[in-house]
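Please look over the sequence and the structure shown here before reading on.

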Amino acid sequence: MRRFFFSLSLLFVFLLAAPVCQAKTGVLLAAFGSSLPEARKAYAAIEKAYARAFPASPLVWTYTSQKIRKKLRKQGEATYGIAEGLDKLAAEGADKVIIQSLHMTAGAEFAALARAALIYVVRHPGKFKAVYLGRPLLESDADAREVAKSALADLKNFRESGEAVVFMAHGNDTGRSDLTLQGAGAILGRNDNLAFLAGVEGSLNIDDVIEKLKQLKIRKVCLAPLMVVAGDHAVNDMAGDEDSWASRLRAAGFEVRVSLKGLGEIPAIADLFLKHSSAATDDLALEPIKP
Ligand code: CO
């Protein structure tokens with residue numbers, strides 16, 4: 001009998017404590033996604049930084065690329081869409097949510113993420129007390145300065161003297177991120193007059209950079225991704241043996257080395273994403289707050 005009352009009082013304590021325990025902020029880490037295990041080291045590093053900054057919070061990943069999600073599912077890996085990820089956070093007891101974009105710029109992927117987040121909020125009123133959306137990496141001039149500084153510092157020991165560095169950004173066919181990337185490229189060049197930026201897509205063309213390297217009579221070039229992960233684009237389009245930036249530069253007579261390290265592996269970059277998460281204080285469920 002005594003034991004029964006003891007259990008009953010334990011249950012009572014638990015019930016009292018439960019709402020307090022449940023008052024927690026969940027984080028949805030929303031990256032483009034990659035199916036290359038090597039590339040996902042960068043995601044693991046970002047996750048570690050978030051686990052440290054949000055020790056009591058459930059963390060859930062979502063990949064915004066449907067293609068990658070499909071591929072991973074075929075390989076038997078559980079992946080979540082944006083709505084599924086938010087459902088999972090609710091099931092894990094989160095009552096507020098920060099959706100953190102792990103994209104480089106507010107381009108097409110980020111726009112789709114923001115739209116999916118809003119649709120979710122409209123369809124699930126009251127499911128969370130608040131839903132916040134953290135902005136992508138290159139959001140401001142200060143962000144671009146921080147990214148340029150961190151990316152260049154990280155390559156300091158890797159680069160040889162007199163060796164130029166050409167960063168590969170993603171960009172977008174429609175030109176959506178061109179201006180942001182042009183700004184980032186200018187800041188990289190200001191920090192280091194042998195640093196250049198081009199995109200897989202968009203107006204920042206590798207041909208223009210190759211022309212500039214020739215004019216400057218540079219002989220040695222190192223290639224590095226200006227992307228969160230060193231995924232398919234970095235491995236194949238940048239560093240691959242055929243039809244890549246590396247092969248084109250070599251054909252043009254340059255000595256080429258490649259760095260296959262995603263920006264997410266640099267602690268300062270994970271910190272910048274964290275900064276964007278704490279700056280996200282505008283609840284998507286409410287009318288925009290304007291001073
Ligand atoms: Co792509």
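Leaving aside its neighbours within four places in sequence, Ser150 touches Ile266, Ala268 and Ile269, where contact means heavy atoms within 4.5 Å. The model is a predicted one, in which local features need pLDDT of at least 70, side-chain atom pairs count only at pLDDT 80 or more, and totals for chains, interfaces and linings use all residues. Residues are numbered from 1 along each chain as its sequence is written, and side-chain values use heavy atoms, with hydrogens and water left out.

**Ser150 and the whole protein**

- Ser150 lies in helix H6, residues 141-155, and counts as buried because its relative accessibility is 6% (buried means under 20% relative accessible area, exposed over 50%, and partly exposed in between, with a 1.4 Å probe and protein chains only).
- The protein has 11 helices and 8 strands, which are DSSP runs numbered from the N terminus (helices are H or I with at least four residues, strands E with at least two).
- Of the 291 residues of the protein, 47% count as buried, and the C-alpha trace spans about 90 × 45 × 35 Å along its principal axes.
- Among the contacts in the protein with a separation of 6 or more, 76% are accounted for by residues 24 or more positions apart.

**The open sheet**

- An open sheet of 4 strands runs in the order S6-S5-S7-S8 with parallel pairing, two strands being paired if DSSP finds at least two bridges between them.
- Strands S6 (195-199) and S8 (255-258) stand at the edges with a single partner strand each, so one side of each is left without a neighbour in the sheet.
- Strand S7 (residues 220-225) pairs with S8 in the parallel sense over 4 bridges, and Leu223 stands opposite Val258 in S8.
- Helix H7 (residues 178-191) lies across strand S5 (164-169) and S6, running at about 165° to S6, where angles run from 0 to 180 degrees between N-to-C directions and axes are lines fitted to C-alpha atoms, for helices over the stretch in contact.

**Helices H2 and H11**

- Helix H2 (residues 41-53) and helix H11 (residues 267-279) pack at an angle of about 50°, with their axes 9 Å apart.
- H2 and H11 are therefore oblique to each other (angles under 35 degrees count as roughly parallel, over 145 as roughly antiparallel, 65 to 115 as roughly perpendicular and the rest as oblique).
- The contact is made by Ile46, Ala49, Tyr50 and Ala53 of H2 together with Ala270, Phe273, Leu274 and Ser277 of H11.
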